[in-house]
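Subject: Structure handover

Hello,

Here is the structure for your files. Notes on what was found in it follow below.

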Amino acid sequence: METKRLNKAISETGYCSRRAADKLIEEGHVKVNGKTVGLGLKVTAVDKISIHGQIVTKEVVNIYLAFNKPVGITCTTDTKIRGNIVNYINYPERIFPIGRLDKPSEGLIFMTNDGDIVNKILRSKNNHEKEYIVTVDKKITASFIKKMENGIPILDTITDKCNVEKINDYTFKIILMQGLNRQIRRMCEQLGYEVKKLKRIRIMNISLNNIKPGKYRSFTKNELQTINRLVGNSSKTEEAS
């Protein structure tokens with residue numbers, strides 16, 4: 001029977017990340033088959049894992065959703081926050097967002113119960129493309145496009161070079177491989193522009209296409225295979241987006 005490290009088994013249930021699981025184990029909150037255990041223990045599918053006395057092991061098929069987040073929904077698993085994404089979707093299994101999309105922004109975000117793929121996708125070194133359509137309050141100039149492409153000073157760094165394409169006088173498309181906090185809005189602010197509308201239309205190989213606002217669809221088998229190939233050499237890290 002396959003064995004896996006306890007922290008990995010906990011993260012795969014969607015309860016928390018491996019790092020958070022390690023802390024819970026160190027603090028003595030985790031039991032396996034009724035006994036308090038230490039770090040490094042390996043478990044199998046038949047072992048009963050409990051945290052704070054609650055069984056967390058559950059045989060659930062991994063869930064991968066492409067969700068079109070409407071404006072006003074907050075990307076948090078804290079169900080006490082009004083308008084949180086988890087309650088909005090109301091999916092029958094416990095799922096959580098991969099990364100963030102600002103409350104005033106809309107568009108594509110992934111939802112899953114697979115803790116491993118979350119951290120692999122969010123690893124900043126992986127250079128995963130994210131594509132956005134952005135509308136601003138003033139006419140877009142050639143200088144604006146060039147500066148956005150070459151890098152803007154925000155958050156004590158210079159943004160990486162990126163692809164920017166003018167769509168019309170007030171709208172442009174941008175493809176990022178970074179995930180700095182409110183990156184596009186901050187970049188525009190540095191150049192004296194205000195973002196009026198921001199919509200993410202693609203993450204890696206998955207596009208928003210015909211998913212209506214507030215609706216979701218499952219990844220196709222081919223989409224998931226491509227993502228697993230793209231993140232195959234990734235390891236876990238702090239959230240990057």
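Leaving aside neighbours within four places in sequence, Cys-188 is in contact (heavy atoms within 4.5 Å) with Val-136, Phe-144, Met-148, Phe-172, Tyr-193 and Val-195. Cys-188 has a relative accessibility of 0% and counts as buried; buried means under 20% relative accessible area, exposed means over 50%, and partly exposed lies in between, with a 1.4 Å probe and protein chains only.

Some ground rules. This is a predicted model, in which local features need pLDDT of at least 70 and side-chain atom pairs count only at pLDDT 80 or more, while totals for chains, interfaces and linings use all residues. Residues are numbered from 1 along each chain as its sequence is written, and side-chain values use heavy atoms, with hydrogens and water left out.

Cores

A nonpolar core here is a set of buried Ala, Val, Leu, Ile, Met, Phe, Trp, Tyr and Cys residues joined through side-chain atoms within 4.5 Å. The largest one has 31 residues, and Cys-188 is among those with the most contacts inside it, together with Val-134, Met-148, Phe-172, Ile-174 and Ile-184. At least two residues of this core come from each of strand 7 (64-69), strand 9 (106-112), strand 10 (130-136), strand 14 (171-176), strand 15 (195-203), helix 3 (85-89), helix 5 (142-150) and helix 6 (183-190). Helices (H or I, at least four residues) and strands (E, at least two) are DSSP runs, numbered from the N terminus.

Cysteines

The structure holds zero disulfides, a disulfide being a pair of cysteine sulfur atoms within 2.5 Å. The sulfur of Cys-188 is 10 Å from the closest cysteine sulfur, in Cys-162, which is too far for a bond. Cys-162 is itself in no disulfide, and it is buried, with a relative accessible area of 15%.

Two strands are taken to pair if DSSP finds at least two bridges between them. Seven of the seven residues of strand 9 are buried, so this strand is largely enclosed by the rest of the structure. Strand 9 pairs with strand 7 in the antiparallel sense over six bridges, and there Leu-65 has Met-111 as its bridge partner. Strand 8 (96-98) is joined to strand 9 by three bridges, again antiparallel, with Pro-97 opposite Met-111. Strand 9 and strand 15 run parallel and are joined by two bridges; Gly-107 stands opposite Arg-200 in this pair.

Strand 15 also pairs with strand 10, in the antiparallel sense, over seven bridges. Val-134, one of the core residues with the most contacts, stands opposite Leu-198 there. Two bridges join strand 15 to strand 16 (residues 206-207), and these strands run antiparallel, with Ile-203 opposite Ile-206. Strands 15 and 16 form a hairpin with two residues between them, and Met-204 in the turn has a positive phi of about 55 degrees.

Four strands form an open, antiparallel sheet in the order 3-2-5-6. Strand 3 (35-36) and strand 6 (54-55) stand at the edges with a single partner strand each, so one side of each is left without a neighbour in the sheet. Strand 5 (residues 49-51) is joined to strand 6 by two antiparallel bridges, and Ile-51 stands opposite Gln-54 in strand 6.

Loops

Asn-33 lies in the loop between strand 2 (30-32) and strand 3. Asn-33 has a positive phi of about 55 degrees although it is not a glycine, and it is partly exposed, with a relative accessible area of 44%. Asn-90 also has a positive phi, near 55 degrees; this residue is found in the loop between helix 3 and strand 8. With a relative accessible area of 61%, Asn-90 is exposed.

Gly-40 is found in the loop between strand 3 and strand 4 (42-43) and is partly exposed, with a relative accessible area of 44%. The C-alpha atoms of Gly-40 and Arg-5 are separated by 6.1 Å, and these two residues are 35 residues apart along the chain.

Regards
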